[in-house]
Amino acid sequence: MPAPQAVLDREFLEMRARVLELAAALDRLDRAGGPPASDPRVGSLRKAIDVLQQTKRDGAEPDRAERVQLIFSRQYDSAWRKTLGVLER
Amino acid sequence: MYYIDPHIHMVSRVTDDYEMLAKMGCVAVSEPAFWAGFDRGTVDGFRDYFRQLTEFEPKRAGWYRLQHYTWLCINAKEAENISLSREVIRMIPEFLDRPGVLGIGEIGLNKNTRNESIIFLEHLDLAAKTNEQILIHTPHLEDKHQGTRMILDMLCDDARLDHSRVLVDHVEEHTIRPVLDAGFWAGMTLYPVSKCNPQRAVDMVEMYGPERLLVNSAGDWGPSKPTAVPDFILAMRLRGHPESLIRRIVYENPLEFFSQSRGFQFTPPEVSETLSAE
């Protein structure tokens with residue numbers, strides 16, 4: 001794996017640009033009157049942004065992308081067969 | 001570097017795209033049957049589509065020395081029409097022994113509904129009875145996690161299926177691990193907007209290694225980039241990964257997976273060069 005400094009040098013400008021894009025989009029939303037109270041999507045965005053700010057847990061593999069994906073995902077229902085009425089073969 | 005795009009919808013692309021793929025080093029494409037952007041009304045509509053996939057597309061690909069392979073099914077979006085789906089599934093065996101047919105696909109789920117699940121199971125049954133390989137579409141965005149888990153449940157419940165002959169496509173960070181852990185092949189689909197991109201695909205290679213991992217462009221009628229695999233190759237190089245690792249993912253892995261299909265009669269490009277010289 002490349003050295004941390006090399007990764008930061010390679011990625012920094014793009015990361016900076018993406019954070020700016022997100023900040024500008026949230027400003028745009030506020031200028032339009034703020035997010036509708038009944039719409040859960042902005043809450044999901046805030047949860048995702050919280051994940052970005054967390055530091056890597058000791059000994060754990062970095063998994064921010066996976067955790068952000070799960071924030072924007074419907075939950076898996078292990079009883080889906082019963083819920084949908086689909087029999088096992 | 002020679003490469004194979006294991007999931008690209010060439011019926012949606014112009015002939016110039018075949019030429020561009022050839023110039024970029026693509027030597028073969030595999031094209032799963034999919035949604036045309038509208039629901040087809042009759043089984044004969046699908047029969048004509050399967051003729052296009054097995055007759056005209058291989059010919060068009062051949063104009064640029066590309067080898068064309070295909071997969072047949074009725075896709076999840078049209079699976080809400082159960083009676084039409086069953087007619088199509090009964091008709092598919094007419095085409096299974098045609099040259100270049102690799103198996104059943106891309107079957108899967110879209111909105112994770114009851115009818116989609118029923119038709120998915122009936123496709124699995126057809127594949128098991130005819131000993132075909134399977135290529136699977138997983139849902140997008142908020143439905144991907146739940147849909148992928150449902151698909152894995154159904155696959156793992158069927159003891160007749162050999163996991164090493166099943167490719168689960170469109171994996172992302174939250175779905176790749178269970179797919180690989182269960183012994184299936186995993187495909188990363190590179191898209192300009194809604195799916196994975198080359199950088200994140202390289203991340204997943206670094207996290208999970210190259211075994212049973214494929215990368216594709218999907219290249220369909222929506223916003224997509226048929227040369228996304230070369231973008232991935234470049235992203236791998238820029239991060240310093242060796243050519244042998246890149247070649248394994250974009251060339252050797254597709255060969256290993258497809259070689260399990262009786263319809264895969266591949267001529268390596270090195271052999272083509274020999275034939276040209278003679």
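Predicted model: local features only at pLDDT ≥ 70, side-chain atom pairs only at ≥ 80, totals over all residues.
How many helices and how many strands does chain A have? Chain A has four helices and zero strands.

Residues are numbered from 1 along each chain as its sequence is written, while chains are lettered from A and ligands numbered from 1 in the order in which they are written.

View 1. From the N terminus on, the elements run α-α-α-α. The radius of gyration of chain A is 19 Å, well over the 12 Å that the globule rule gives for 89 residues, so chain A is more spread out than a compact globule. (The radius is taken over C-alpha atoms; the rule is 2.2 Å times the number of residues to the power 0.38.) Along its principal axes, the C-alpha trace of chain A spans about 55 × 45 × 20 Å. Helices (H or I, at least four residues) and strands (E, at least two) are DSSP runs, numbered from the N terminus.

**View 2. The two domains of chain A.** Domain 1 covers 1–34 and domain 2 covers 36–75. These bounds come from an automatic or database domain assignment. Taken over C-alpha atoms, the domain centres are 16 Å apart. Of the 89 residues in chain A, 3% are buried. (Buried: 20 or more other C-beta atoms within 10 Å of the residue's own; exposed: 12 or fewer; partly exposed: in between; C-beta atoms are placed from the backbone.)

**View 3. A cis peptide bond in chain B.** The bond from G105(B) to E106(B) is cis. Its omega is near -5 degrees. E106(B) sits in strand β4 (residues 101–108) of chain B.

**View 4. L141(B) in a loop.** The loop joins β5 (133–137) and α5 (144–157) of chain B. Phi of L141(B) is near 55 degrees, a positive value in a residue other than glycine. Is L141(B) buried or partly exposed? L141(B) has 13 C-beta neighbours inside 10 Å, so it counts as partly exposed.

**View 5. H170(B) in another loop.** H170(B) lies between β6 (166–168) and α6 (176–181) of chain B. Its phi is near 65 degrees, again positive in a residue other than glycine. H170(B) is buried, because 26 other C-beta atoms lie within 10 Å.

**View 6. Confidence in the model.** Chain B averages a pLDDT of 96, and 98% of its residues score at least 70. pLDDT is the predictor's confidence in each residue, from 0 to 100. The complex has an ipTM of 0.91 and a pTM of 0.95 from the predictor.
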